[in-house]
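The sequence and structure come first, and the notes follow.

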Amino acid sequence: MATKVYDSVVVELQDGNEVEVKPLPIKRLRRFMEVIAQMDDETSDKTPIDVMVEAAAIVLEKKYPHLAHDKDELEELLDVPTMVKMVEVAGGLNLSGDNPNLVSPPGTI
């Protein structure tokens, strides 16, 4: 019997649908971290909310490709606490500062 070594969470979107979020595989995690790094990039013209939406799209792209490729629809279904939770779980980040078991976001150490 296999041992699951990660935790997943189920988050509810604004339309009531539930989405299971678990840590990203390495391939998508690399792209995800490149997007998250834009939050610390002073030359980037993206706002933090734009970066978070893009990161959330990467989280959802495998199971929910229609949401990942439709930014307007994705933004209609996300609220900030849900989006933050998705990004924290999928990327192993600690954006809320309340869980010492998660790593700190880039540029905060």
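Leaving aside neighbours within four places in sequence, Val19 is in contact with Val9, Val10, Val11, Leu13, Leu60 and Tyr64, where contact means heavy atoms within 4.5 Å. This is a predicted model, in which local features need pLDDT of at least 70, side-chain atom pairs count only at pLDDT 80 or more, and totals for chains, interfaces and linings use all residues. Residues are numbered from 1 along each chain as its sequence is written, and side-chain values use heavy atoms, with hydrogens and water left out.

**Fold and confidence**

- The protein chain has 5 helices and 2 strands; helices (H or I, at least four residues) and strands (E, at least two) are DSSP runs, numbered from the N terminus.
- Read from the N terminus, the order of the elements is β-β-α-α-α-α-α.
- The average pLDDT of the protein chain is 87, and 87% of the residues score at least 70; pLDDT is the predictor's confidence in each residue, from 0 to 100.
- Residues 99-109 have a pLDDT below 50, and this stretch has 19 contacts in the model beyond near neighbours in sequence.
- Of the 109 residues in the protein chain, 32% count as buried; buried means under 20% relative accessible area, exposed over 50%, and partly exposed in between (1.4 Å probe, protein chains only).
- Of the contacts in the protein chain between residues at least 6 apart in sequence, 48% join residues at least 24 apart.

**Nonpolar core**

- The largest nonpolar core has 28 residues, of which Val21, Phe32, Leu74, Leu78, Met86 and Val87 touch the most other members.
- β2, α1 (26-37), α2, α3 (65-68), α4 (71-77) and α5 (80-91) each supply at least two residues of this core.
- With 9 residues, α2 gives the most to this core.
- A nonpolar core is a set of buried Ala, Val, Leu, Ile, Met, Phe, Trp, Tyr and Cys residues joined through side-chain atoms within 4.5 Å.
- In soluble globular proteins, nonpolar side chains tend to be buried together.
- Leu78 is in contact with Leu13, Gln14, Ala56, Met83 and Met86, leaving aside its neighbours within four places in sequence.

- Met86 lies in helix α5 and is buried, with a relative accessible area of 0%.
- Not counting residues up to four places away in sequence, Met86 touches Val11, Val21, Ala56, Val59, Leu60 and Leu78.
- Met86 and Lys22 are 64 residues apart in sequence and 8.3 Å apart in space, C-alpha to C-alpha.
- Val19 lies in strand β2 and counts as buried, at 2% relative accessibility.
- The C-alpha atoms of Val19 and Met86 are separated by 9.3 Å, with the two residues 67 apart along the chain.

**Second largest pocket**

- The second largest pocket holds about 150 Å³ of space.
- On a 1 Å grid over the protein atoms alone, a pocket is an open set of points where a 1.4 Å probe fits, with protein on both sides within 12 Å along at least five of seven lines; lining residues have an atom within 4 Å of a point.
- Grid points are joined across faces, edges and corners, and a volume is the space filled by probe spheres set on the points.
- The lining has 13 residues, of which Glu20, Lys22, Arg28, Val59 and Lys63 lie nearest the centre of the pocket.
- β2 (18-21) and α2 (48-60) each supply at least two residues of this lining, and β2 gives the most, with 3 residues.
- By class, the lining has 8 nonpolar, no polar and 5 charged residues; Ala, Val, Leu, Ile, Met, Phe, Trp, Tyr, Cys and Pro count as nonpolar, Asp, Glu, Lys and Arg as charged, and the others, Gly among them, as polar.

- Gly16 is in the loop between β1 (9-12) and β2 and is partly exposed, with a relative accessible area of 38%.
- Gly16 and Leu77 are 61 residues apart along the chain, and their C-alpha atoms are separated by 8.9 Å.
- Leu93 is in the segment after α5 and is buried, with a relative accessible area of 1%.
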